[in-house]
Amino acid sequence: MKISVCGCGWLGTPLAERLKRDGMNVWGSRRTEDGCAELSRKGITPVRLSLPGEPASLSDFLNTDVLVINVPPGRQEGAVPAFVNNISALLQQAQQSGCQRVLFISTTGVYGNVSGQVTESTPVQPDTASGHAHVQLEEKLFTEWGSRAVVLRPAGLIGPNRHPVKFLAGREAIVNGGDPVNLIHLDDVIEAICLIIKTWPGGEVLHLAAPQHPTREAYYCQMAERAGLPVPHFQPWEDRQAKWIDASATCAKLGLTIQHADLMAMTPEL
């Protein structure tokens with residue numbers, strides 16, 4: 001099976017490596033020549049791509065059994081509308097090039113500030129430009145690809161060299177300390193993607209979060225201590241019924257056991 005991973009960054013590169021180990025014919029995109037050289041050394045067929053790409057240069061990359069789209073919108077001015085336009089153009093090129101199926105990596109940010117338990121059937125209520133963009137692309141994908149599309153919405157990603165405690169350490173008067181955390185480890189996202197490719201629950205929206213949801217105050221204070229960082233300080237808070245992502249249905253559908261389920265037992269991989 002040929003898998004093309006569009007966006008071989010922090011998540012995409014180890015995903016491509018795992019798929020390669022599983023015996024797949026893996027292609028991956030990077031924006032620089034150095035990045036492409038790195039992929040080549042790992043046995044992944046590289047394609048230099050900075051969206052939007054030229055259709056002719058992408059035809060081999062997009063003529064694939066599964067296209068995994070794992071591209072963030074970016075933070076610079078005008079990045080979000082450009083993101084929608086670029087991914088829309090990529091999907092059109094993929095159809096023209098013979099792509100069979102698409103897995104779009106979205107975000108639980110599409111739920112916005114809903115309250116309480118959030119399941120895969122909870123209506124989206126995006127409250128950021130990025131959230132609106134992801135909803136727009138999800139709808140476009142299902143309209144044009146139907147059961148040949150799957151959307152995966154991970155919660156906040158943690159793993160090697162990536163943990164939000166770095167940005168909270170030592171800060172004062174942080175708000176919403178009683179909100180539950182919604183996080184998922186890189187290893188579990190990769191395992192979920194591999195199972196999606198294997199089982200292909202076509203036309204489905206899936207999401208991922210660890211089953212443990214401690215408060216932000218309890219979690220980040222403990223993680224800062226464990227990492228040897230200054231402990232953050234939170235304002236007094238009241239329970240405001242913030243959202244917590246329940247991924248039990250996705251796990252059951254995929255046959256996925258969350259490896260990093262106990263968030264409080266982990267040490268940040270800074």
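## Charges over rings

The charged end of R101 lies over the ring of W200, 4.8 Å from the ring centre. Sitting over a ring here asks for NZ of Lys or CZ of Arg within 6 Å of the ring centre and within 35 degrees of the ring normal. R162 also places its charged end over a ring, that of W10, at 4.7 Å from the centre.

This is a predicted model, where local features need pLDDT of at least 70, side-chain atom pairs count only at pLDDT 80 or more, and totals for chains, interfaces and linings use all residues. Residues are numbered from 1 along each chain as its sequence is written, and side-chain values use heavy atoms, leaving out hydrogens and water.

## An aromatic pair

The structure holds one aromatic pair. The rings of Y219 and Y220 have centres 5.0 Å apart and planes at 75 degrees, so they meet edge-to-face. (Rings of Phe, Tyr and Trp, the last by its six-membered ring, pair if their centres lie within 6.5 Å; planes under 30 degrees apart are stacked, over 60 edge-to-face, the rest tilted.)

Y219 is buried at 1% relative accessible area, and Y220 is buried at 6%. Buried means under 20% relative accessible area, exposed over 50%, and partly exposed in between, with a 1.4 Å probe and protein chains only.

## Cysteines

How many disulfides are there? The count is zero, with a disulfide taken as a pair of cysteine sulfur atoms within 2.5 Å. The sulfur of C6 is 8.4 Å from its closest cysteine sulfur, in C8, too far for a bond. C6 is buried, with a relative accessible area of 2%.
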